Amino acid sequence: MVAPLDGQRYWESGLFSGLTLSGRRVLVGVSGGIAAYKSAELVRRLRQAGAEVRVVMTTGAQAFITPLTMQALSGHPVHSELLDSRVEAAMGHIELARWADAILVAPASANLMARLAHGLADDLLTTLCLASEAPLFLAPAMNRVMWMHPATQANSELLRQRSVRLLGPAAGEQACGEVGAGRMLEPDELVAELLRYWQQGPLSGVSLLVTAGPTREPIDPVRYISNRSSGKMGYAVAEAALRAGATVTLVSGPTALPRPPGVALVAVESAAEMAVAVQARISQCDIFIAVAAVADYRPSVVVPQKMKKSAPELSLALERTEDILAMAAGGTDAPFCVGFAAETEDLEGYARDKLARKGLDMIAANLVGQGVGFESDVNCLTLFWADGQYEIKRATKAVVARELIEIIAERYHAKNSG
Ligand code: PMT
């Protein structure tokens, strides 16, 4: 069976229905790589979404796809020469750099990324990227070893630090026959990223980190301690935040759920791994929402070989895990922190205790174990903050998450404006 394309899921998800790129001017840069064949579809999709498109190709790109194809699809002559007096007379490179509302380079080869990272302007595309003030999006596409090479990783980091937005790469089967990270995102995914960038929502421009799912605390190589969290609530929160315009990173314990389209997913197993993943990202986020059901205890010792059932009884010594949420909320320059509280009694008492003890801006409390909360498709929440509370009635987790995100956006903006 062929798995559905990620790109198709974007449109099936309905996240971007009703949004267009109408009035947006997108300069598509194409560098040399086998994924250049997808650029033709990208240009078609961008125009379908309402964007005006101009195409710039490197010499390498023209070995994979002809300028004529791109001209036919974009409706405009393709630019490729830096020092061409005829082209400069029509629309010079500085005009082109000013014309663009965004530059999207897809595919972005390892070579192109290296040249951009080091400020080279040795062809038309790199010159335009240097001469333009428009946001720059890169869709890396290369062999997995090239992507993981320290040079490429260092160049990616340098570009990120300069606010270049890296879209992907995705993992999967590659044109060279290998499997791993390095595939260019599908054209629909790239269009969706631009739609999201320009989308106006209560959280547009906000960077949001969510944890979701259970953690697994190993006992030996084949056994672990875990809980009933399915990840549904956390994934719904991530999608709702994306829909509200946020840039979303989801740190998820093991679940059976697909990555929500448009969300950056960091997969972890244990509480310790989740703590490291959150710690590495917390200073770059504006809002942190801890939906994960993190194990409070883990085995003090992980037995290196499978334990044998020789003893009639077995006791496991447990030790506390790190409290990820308390750590995030207690740091200097902490983001707006929202915790979740799963309780089976005295919802308000326990939730308010966690709110105060962990130093949170808000806590979303759910009574679990009555067909809501863990595993179920529905939930209801009571939100508590220092001097207020709000009730979200029983509904699907998607609906509950949307209402939750509205309230979080309201309180986040109130805190930052007051
Ligand atoms: O995943 P689903 O099946 O959709 O279920 C959703 C849910 C019931 C798991 C979710 O709605 C929920 O309540 N999540 C929080 C569960 C939980 O661990 O609650 P807690 O009261 O034990 O923890 C309080 C808060 O501290 C939580 O935000 C938790 O993420 C955080 N925590 C807890 C322990 C720890 N070591 N580190 C933490 O960060």
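The paragraphs below lead from the domains of this predicted model to its ligand site. Residues are numbered from 1 along each chain as its sequence is written. Local features need pLDDT of at least 70 and side-chain atom pairs count only at pLDDT 80 or more, while totals for chains, interfaces and linings use all residues; side-chain values use heavy atoms, with hydrogens and water left out.

The chain is assigned domain 1 (23-198) and domain 2 (207-303 + 318-417), with bounds from an automatic or database domain assignment. Taken over C-alpha atoms, the centres of domain 1 and domain 2 are 36 Å apart.

Around the ligand stand 29 residues, of which Ser229, Ala292, Lys354, Asn366 and Lys397 come nearest; a residue is near a molecule if one of its heavy atoms lies within 4 Å of it. By class, this shell holds 13 nonpolar, 8 polar and 8 charged residues. Here Ala, Val, Leu, Ile, Met, Phe, Trp, Tyr, Cys and Pro count as nonpolar, Asp, Glu, Lys and Arg as charged, and the others, Gly among them, as polar.

Oxygen atoms of the ligand lie 2.8 Å from a polar backbone atom of Gly231 and 2.8 Å from a backbone N or O atom of Leu325. A nitrogen atom of the ligand is 3.2 Å from a polar side-chain atom of Thr321. The protein buries 95% of the 770 Å² that the ligand exposes when taken alone, with accessible areas from the Shrake-Rupley method and a 1.4 Å probe.

Technical notes. A polar contact is a pair of N or O atoms within 3.5 Å; within protein, one must be able to donate a hydrogen and the other to accept it, and residues adjacent in sequence count only if both atoms are side-chain atoms.
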